[in-house]
Amino acid sequence: MHDFWKEEPTAEESERVIMKIADSIQKRGLEAPAIMALEMHKPLAGIAGAGSVVFAPFLVPFFGFDSVNDYTRVLARRENIERLMEILEARRTEDPTSAPEAKA
C-alpha cells in the first residue's frame, strides 16, 4: 500500500509541481480567479492539505497516486501557495493577451 506524505518534497520537486499547476491554470486562462481563490484560502493551506489525504481515495482513480501525493504535499505549505500566486501574477502581467479587454 502507498503512504501519503512519507517525506517532504525537495525544493526542486516543489518548483516542478508549482510550475505544472501554473501552466495548467495559464493554459485555461484562469489566472485571475485562481489568484483570488488562492488568496482567500491561503490561511487554510495546512488544513486543506491534511484534508486532501482524507479525500485521496476518491482523487487517486482520476489523477493517479503520484500526482495526488505531489500536489497535496506541495500545496499544504503556505510558502508554496505564495510562490504559485507570484508566478501567476508575473505571467499575467507579462502576457498582454490575458487581459480581459484583449479577449473581448
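Figure 1. Phe-62 is exposed, its relative accessible area being 69%. Here, exposed denotes over 50% relative accessible area, buried under 20%, and partly exposed the range in between, with a 1.4 Å probe and protein chains only. The structure is a predicted model, in which local features need pLDDT of at least 70, side-chain atom pairs count only at pLDDT 80 or more, and totals for chains, interfaces and linings use all residues. Residues are numbered from 1 along each chain as its sequence is written, and side-chain values use heavy atoms, with hydrogens and water left out. Phe-62 is located in helix H3 (residues 45-63). Helices (H or I, at least four residues) and strands (E, at least two) are DSSP runs, numbered from the N terminus. Val-54, Phe-55, Phe-58, Leu-59, Phe-62 and Phe-63 make a nonpolar surface patch of about 710 Å². Such patches are made of residues with over 30% relative accessible area and no salt bridge; nonpolar side chains (Val, Leu, Ile, Met, Phe, Trp, Tyr) are joined within 5 Å, and like charges within 9 Å. Accessible areas come from the Shrake-Rupley method with a 1.4 Å probe, and for residues only the protein chains shown count as cover.

**Figure 2. Overall composition of the protein.** The protein has six helices and zero strands, and its elements run α-α-α-α-α-α from the N terminus on. Of the 104 residues in the protein, 31% are buried. The accessible surface comes to about 7000 Å², and carbon and sulfur atoms account for 62% of this surface. Among contacts between residues at least 6 apart in sequence, 84% join residues at least 24 apart; a contact means heavy atoms within 4.5 Å.

**Figure 3. Helix H5 and its buried side.** Helix H5 (residues 78-94) has 17 residues, which at 1.5 Å a residue should span 24 Å; the end C-alpha atoms are 25 Å apart, in agreement with this value. The expected span is 1.5 Å times one less than the number of residues in the helix. Asn-80, Ile-81, Leu-84, Met-85, Ile-87, Leu-88 and Arg-91 are the buried residues of H5. They lie on the same side of H5 because they cover an arc of only 160 degrees around the axis, the arc being that of the directions from the helix axis to the C-beta atoms. The partners in packing for the buried residues of H5 are helix H1 (11-27), helix H2 (31-41), H3 and helix H4 (65-75). Thr-93 and Glu-94, on the other side of H5, are exposed.

**Figure 4. Salt bridges of Arg-73.** A salt bridge is a side-chain nitrogen of Lys or Arg within 4 Å of a carboxyl oxygen of Asp or Glu, and the structure holds 10 of them. In the salt bridge between Arg-73 and Glu-13, the closest N and O atoms are 4.0 Å apart. Arg-73 belongs to helix H4 and Glu-13 to helix H1, so this pair ties together parts that are 60 residues apart in sequence. Arg-73 is buried, with a relative accessible area of 9%, whereas Glu-13 is partly exposed at 26%. Arg-73 also forms a salt bridge with Asp-70 (3.0 Å, N to O). These two residues of helix H4, Arg-73 and Asp-70, are three residues apart and therefore separated by about one helical turn. Asp-70 is buried, as is Arg-73. A network of salt bridges links Glu-13, Arg-16, Asp-70 and Arg-73.

Figure 5. Glu-8 is found in the segment before H1 and counts as exposed at 54% relative accessibility. Leaving aside residues up to four places away in sequence, Glu-8 touches Glu-13, Arg-73 and Arg-77. Glu-8 and Val-74 are 66 residues apart along the chain, and their C-alpha atoms are separated by 8.5 Å. Arg-77 forms a salt bridge with Glu-79 (2.5 Å, N to O). Arg-77 is partly exposed, with a relative accessible area of 37%, and Glu-79 is partly exposed at 43%.

**Figure 6. Ser-52 in helix H3.** Ser-52 lies in helix H3 and counts as buried, at 13% relative accessibility. A distance of 9.2 Å separates the C-alpha atoms of Ser-52 and Asn-69, which are 17 residues apart along the chain.
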